[in-house]
Amino acid sequence: VLTHGFTMDEQGRKMSKSLNNSTAPQDVIKQYGADILRLWVASVDYAEDQRIGPEIIKTNVDAYRKLRNTVRWMLGSLAHFKPEDKVSDADMPELERLMLSHLARLDGVVRKGYDEFDFRRIYSALSNFMTTDLSSFYFDVRKDALYCDAPSSVQRRAALTVIDRIFDCVVSWLAPVLVFTCDEAWALRHGEDACVHTVQFPEVPASWRDQDLEAKWAKIMKVRSVVTGALEIERREKRIGSSLESAPVVHIADDALSGAVRDIDMAEICITSDATVERGEGPADAYRLDEVRGVSVVPAMAKGTKCARSWKVLPEVGSDAEYPDVTPRDADALREWAR
């Protein structure tokens with residue numbers, strides 16, 4: 001690819017021997033590996049002057065680690081996933097359908113990006129998806145189902161089905177950039193003789209795209225942001241340690257936001273032990289965010305006993321005589337595992 005600009009140092013100065021401000025590619029590769037350098041190339045706008053230096057490389061190292069850790073987490077979660085565990089699209093919970101919709105949207109972005117040699121757009125879209133949508137949200141929410149639901153749980157199997165699809169997509173999409181990392185991850189998932197560079201990008205059905213569902217969840221995420229903001233203050237003030245110690249009351253005056261969360265388990269989405277949604281503005285001292293009008297949150301401690309398995313605080317912990325230190329859900333899962 002021909003560039004239209006120069007490669008500068010971090011201060012925007014042209015590299016020269018007299019300034020001793022050059023960054024040699026072989027030095028970067030020796031210290032960090034070729035994938036770090038390739039990631040930097042993908043992240044810059046080659047139509048403008050590019051900057052590179054120790055701090056910029058360190059930023060790319062941090063970005064690389066986030067991408068790699070996301071892939072590694074998926075590999076660990078899929079270690080025992082078998083083809084017969086897959087769930088059909090028709091049986092997918094709403095959150096899983098949302099993730100599939102995101103995949104369908106990204107498929108178009110990635111393919112267009114490669115067609116137009118717009119690597120920066122590809123890197124930006126995939127980095128945001130993997131660090132924000134996946135690691136900071138979807139995986140965090142679904143850890144409870146993945147770790148604590150029974151093996152036969154449809155929700156658990158649906159999550160694994162979607163993670164399997166996400167893995168194949170993002171690893172193959174990133175493979176032209178993170179050549180060695182993606183090849184290793186692909187071989188770990190599909191067998192040591194498998195090579196990601198010999199396969200086509202996965203076919204992503206256009207039917208997965210659901211713009212109405214994405215619009216609905218954009219509203220849900222607005223409500224969630226107010227809850228997480230309130231919980232962060234509780235954590236900072238040492239009133240709670242984990243979000244699972246809380247059971248917030250969410251007041252929603254906005255009709256559109258109220259309708260979006262009507263059939264949603266906000267405790268699950270906010271990773272709390274319980275959550276109550278009420279209509280109205282809420283008390284004057286409730287927590288609010290200026291950018292999310294019509295939502296307020298009153299923090300409250302969860303009532304009950306801490307489950308030894310899921311760490312949720314619920315009144316029903318202890319109601320199962322065979323497994324008195326866990327919730328009935330976890331007791332059923334333990335019985336199934338014991339068979």
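How many helices and strands does the secondary structure of the protein chain come to? Eleven helices and eight strands, taken as DSSP runs numbered from the N terminus, with helices being H or I of at least four residues and strands E of at least two.

A word on the source. This is a predicted model, where local features need pLDDT of at least 70 and side-chain atom pairs count only at pLDDT 80 or more, while totals for chains, interfaces and linings use all residues. Residues are numbered from 1 along each chain as its sequence is written, and side-chain values use heavy atoms, with hydrogens and water left out.

Overall dimensions next. The C-alpha trace of the protein chain spans about 75 × 50 × 35 Å along its principal axes. Of its 339 residues, 46% are buried, meaning under 20% relative accessible area with a 1.4 Å probe, protein chains only. Among contacts with a separation of 6 or more, 71% are between residues 24 or more positions apart; a contact is heavy atoms within 4.5 Å.

Now two helices, α5 (residues 119-148) and α8 (residues 211-236). Their axes come within 14 Å and cross at roughly 85°, the axes being lines fitted to C-alpha atoms over the stretch in contact, with angles from 0 to 180 degrees between N-to-C directions. α5 and α8 are therefore roughly perpendicular, the term for 65 to 115 degrees. At the crossing, Ser 136, Phe 137 and Val 141 of α5 meet Trp 217, Met 221 and Arg 224 of α8.

Last, helix α2, residues 34-43. Seven of its ten residues are buried, so the rest of the structure largely encloses α2. Those buried residues include Asp 35, Trp 40 and Ser 43.

Notes
Buried < 20%, exposed > 50% of the residue type's maximum accessible area, 1.4 Å probe, protein only. Parallel < 35°, antiparallel > 145°, perpendicular 65-115°, else oblique.
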